[in-house]
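Me: I would like to go through this model with you. Please begin with a term that we shall need later.

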Amino acid sequence: MAKQNKRKQATTKSSIAETKMLIVLLCVVMLGAGFYFGYKNFSDKAKELEVKNEGLLEELVPMREMAAAVPEYEEATAENLNEIEEITKLYGPGYTPKSLLVKYDEMERNCDMVVSSISFGTSELLYSDPNVETEAGEGIYAYRAPISIAATTDYAGISKFADYINQYADRTTFDNVTLAAADGGAFAISATINEYAVIGEDGKIYVDPTYTNTDLGVDNLFGNLNLNVDEE
């Protein structure tokens, strides 16, 4: 009886030991499987991130070059803005037939000319940007209008005429000029002159001239306007 009990105890101990071994083995297998599959998953992600990093590094090179060139771009931009400002200063704030009559009356007197006719052409829109923020809030627009004149003057007056147009405060250019001999050694001038203006530029406000004590009779409309003008 005692021998049987000892055998049962030995068998029981053996079973428990085997069970423990199986549990330990199972844990080892589970740990190995977890490590394998987990490592494989992380390894795949690492490779994916490595590929992304390579692409980002390729993009980083030109970005660093552009960042290093920022001061140069800023300097060039400032220079361009200054140049644009200087150019736009040459364009007047606007024109009307009245203001152009005043201008060419002044030209007639300063250049010793006799203007016999003035023809106002149709204004042409050269540039427009309604999205530019201005004080008026209406954008910026650039116009050109051709003005045709017929006049007579002497040789010295031709030079004065060219200087007057080229040196006028607001941008004005010749389109064409034709000279012909006239009576008394004078020259007949036929010219088309382009008038330019920028509308909407901050700081530029067109003011229409006001005439006072002006006689614009039939005999006085061309040739000698004698306009007394008050600029408001």
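Reply: Two strands are said to pair if DSSP finds at least two bridges between them. Strands (E, at least two residues) and helices (H or I, at least four) are DSSP runs, numbered from the N terminus.

Me: What kind of model is this, and how are residues numbered?
Reply: This is a predicted model, in which local features need pLDDT of at least 70 and side-chain atom pairs count only at pLDDT 80 or more, while totals for chains, interfaces and linings use all residues. Residues are numbered from 1 along each chain as its sequence is written, and side-chain values use heavy atoms, with hydrogens and water left out.

Me: How many helices and strands does the chain have?
Reply: There are four helices and seven strands. In sequence order the pattern reads α-α-α-β-β-β-α-β-β-β-β.

Me: Which hairpin has a glycine with positive phi?
Reply: That is the hairpin of E4 and E5, where glycine 184 has a positive phi near 70 degrees. Five residues lie between the two strands of this hairpin. E4 spans residues 172–181 and pairs with E5 in the antiparallel sense over nine bridges.

Me: Which residues face each other there?
Reply: Threonine 172 stands opposite glutamate 195 in E5, and phenylalanine 174 has isoleucine 193 as its bridge partner in E5.

Me: How many bridges link E3 and E5?
Reply: E3 and E5 pair over 13 bridges, in the antiparallel sense. Serine 148 stands opposite threonine 192 in E5, and threonine 152 has alanine 188 as its bridge partner in E5.

Me: Which other strands pair with E3?
Reply: E1 (residues 114–120) pairs with E3 (residues 140–153) in the antiparallel sense over six bridges. Valine 115 stands opposite alanine 151 of E3. E2 (residues 124–129) is antiparallel to E3 as well, and five bridges join the two. Tyrosine 127 stands opposite alanine 142 in E3.

Me: What is the general rule for side chains in a strand?
Reply: In a regular strand, side chains alternate between the two faces of the sheet.

Me: Is asparagine 194 buried or exposed?
Reply: Asparagine 194 is buried, because its relative accessible area is 9%. Buried means under 20% relative accessible area, exposed over 50%, and partly exposed in between (1.4 Å probe, protein chains only).

Me: Where is asparagine 194, and what does it contact?
Reply: Asparagine 194 is found in E5 (residues 187–199). Leaving aside neighbours within four places in sequence, asparagine 194 is in contact (heavy atoms within 4.5 Å) with Arg144, Ala145, Pro146, Arg171, Thr172, Thr173 and Asp175.

Me: Changing topic: how do H3 and H4 pack?
Reply: H3 (residues 97–110) and H4 (residues 155–166) pack at an angle of about 145 degrees, with their axes 9 Å apart. Axes are lines fitted to C-alpha atoms, for helices over the stretch in contact, and angles run from 0 to 180 degrees between N-to-C directions.

Me: Which residues meet there?
Reply: Lys103, Glu106, Met107 and Asn110 in H3 meet Lys160, Phe161, Tyr164 and Ile165 in H4. The residues of this contact comprise four nonpolar, one polar and three charged. In this scheme Ala, Val, Leu, Ile, Met, Phe, Trp, Tyr, Cys and Pro count as nonpolar, Asp, Glu, Lys and Arg as charged, and the others, Gly among them, as polar.

Me: Is lysine 103 buried or exposed?
Reply: Lysine 103 counts as buried, because its relative accessibility is 4%. Not counting residues up to four places away in sequence, lysine 103 touches Tyr164, Tyr168, Thr172 and Glu195.

Me: How far apart are lysine 103 and tyrosine 168?
Reply: They are 65 residues apart in sequence and 9.8 Å apart in space, C-alpha to C-alpha.

Me: What about aspartate 112?
Reply: Aspartate 112 lies in the loop between H3 and E1. Its phi is near 55 degrees, a positive value in a residue other than glycine. Aspartate 112 is partly exposed, with a relative accessible area of 46%.
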